[in-house]
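Here is a friendly briefing to read alongside the sequence and the 3D view.

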Amino acid sequence: MADTAALRARSADFWARTAPGWIHQADRHDEIGRPLGAVAIEWLQPRPGERVLDIGCGCGGTTAELARAVTPSGSAIGLDLSEAMVASARRRFTEPDGAGPRFVAGDVETLDVVPGAPFDAAYSRMTLMLLADPVAGLTTIRRSLRVGARLAATVFRDGPANPWLPAALLGAAAHLGPLPPLPVGDEAGPFAFADPARVRRLLDAAGFTDVVVHPHDVTLETPDDPETVAEWLIEIGPAGAAYRAAGPAAQGSARAGAARLLARFHTPGTGYRLPAGLWSITARTPGTGAS
Ligand SMILES: C[S@@+](CC[C@H](N)C(=O)[O-])C[C@H]1O[C@@H](n2cnc3c(N)ncnc32)[C@H](O)[C@@H]1O
């Protein structure tokens with residue numbers, strides 16, 4: 001396994017290369033990806049007046065949803081490693097008078113606290129398993145929260161619970177240039193939090209209490225458009241940078257290859273139904289403060 005510094009450098013490089021695909025797919029991902037984080041928002045129940053943090057906010061769709069829930073007197077701040085995605089989030093959601101969610105570029109693993117702390121609640125959709133040093137990142141989140149504050153997050157379980165994810169990559173990869181290194185063992189990656197006992201250990205080590213890790217199954221429903229669905233999944237995955245660098249013929253073959261392996265999830269005339277197996281993670285900061 002690589003050391004933490006090497007994993008962090010790999011992660012920074014990965015997200016710098018993959019950001020353009022996420023920015024291109026931002027509206028589509030907000031729409032199709034909503035079930036991936038809905039259970040965490042339901043548990044969190046952000047209330048008007050609260051200050052809420054969104055860790056690994058990407059292009060800001062979930063931060064904007066949190067900001068709407070805490071309006072008028074509350075606020076939501078999205079933190080993301082990718083400056084390009086943060087810039088996209090600002091373009092998409094900052095209101096003309098400067099109101100709306102705020103966005104900060106930074107690495108949750110190396111910050112002492114997130115700018116804007118202390119927060120009443122923290123939310124994260126599909127990011128915690130991607131941290132090179134999850135205890136460092138979770139510790140920053142815990143330090144950025146008030147006493148008795150709440151954390152709600154979602155992450156993928158394992159590959160078999162999310163078969164469409166490797167299918168899109170495997171179908172596309174043969175037509176594209178070299179991919180980034182795939183994770184080994186517990187290294188940051190989509191299935192790094194597959195073991196719920198490890199997830200609990202990481203949250204305990206970061207100082208959270210009342211840690212609960214629950215399985216939660218959702219279905220992502222997409223438009224009936226194989227090309228569009230294939231491109232969405234390729235662009236937000238490990239083949240995204242190679243796809244964007246490829247010529248039109250290779251891109252077409254990559255989309256067709258992904259669509260072939262995704263066919264089992266497709267009902268012509270209806271669309272795709274992609275089964276996603278998640279962990280819903282909830283916890284609190286120690287103490288008997290509000291909430
Ligand atoms: C899979 S994407 C999820 C984005 C968004 N939460 C969503 O569900 O659409 C993971 C995000 O985490 C961000 N990220 C990865 N490592 C991070 C770190 N150490 N600190 C802050 N953000 C990080 C990436 O830049 C990326 O935007």
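**Around the ligand**

The side chain of His29 has an N or O atom 3.4 Å from an oxygen atom of the ligand. Please bear in mind that this is a predicted model.

*Ligand surroundings*

- At Leu81 the backbone takes part: one of its N or O atoms lies 3.1 Å from a nitrogen atom of the ligand.
- On its own the ligand has 590 Å² of accessible area, and the protein covers 96% of that.
- There are 19 residues around the ligand, and those that come nearest are Gly56, Asp80, Asp107, Val108 and Arg125.
- Sorted by class, the shell around the ligand holds nine nonpolar, six polar and four charged residues.

*Helix 7 against helix 11*

- Helix 7 spans residues 164–173 and helix 11 spans residues 248–262; their axes come within 7 Å and cross at roughly 140°.
- The crossing of these two helices is right-handed.
- On the helix 7 side, the residues in contact are Trp164, Ala167, Ala168, Leu170, Gly171 and Ala172.
- Their partners in helix 11 are Ala254, Gly257, Ala258, Leu261 and Leu262.
- By class, the residues of this contact are nine nonpolar and two polar, with no charged residue.

*Backbone details to look at*

- Most peptide bonds are trans, and most residues other than glycine have a negative phi.
- Thr71 and Pro72 are joined by a cis peptide bond, with omega about 10°.
- Pro72 sits in the loop between helix 4 (61–70) and strand 2 (75–80).
- Another cis peptide bond links Ala117 to Pro118, where omega is about 5°.
- Pro118 belongs to the loop between strand 3 (102–105) and strand 4 (119–125).
- Which residue other than glycine has a positive phi near 45°? That residue is Gln45, and its place is in the loop between helix 3 (35–44) and strand 1 (51–55).

Notes:
Residues numbered from 1 in each chain as written. Predicted model: local features only at pLDDT ≥ 70, side-chain atom pairs only at ≥ 80, totals over all residues. Heavy atoms only, no water. Axes fitted to C-alpha atoms, helices over the stretch in contact; angles between N-to-C directions. Helix = DSSP H or I, 4+ residues; strand = E, 2+ residues; numbered from the N terminus. Left-handed = near helix turned anticlockwise from the far one by under 90°. Contact = heavy atoms within 4.5 Å. Nonpolar A, V, L, I, M, F, W, Y, C, P; charged D, E, K, R; others polar. Near = heavy atom within 4 Å. Polar contact = N/O pair within 3.5 Å; in protein donor to acceptor, adjacent residues only side chain to side chain. Areas by Shrake-Rupley, 256 points an atom, 1.4 Å probe, with all protein chains shown as cover.
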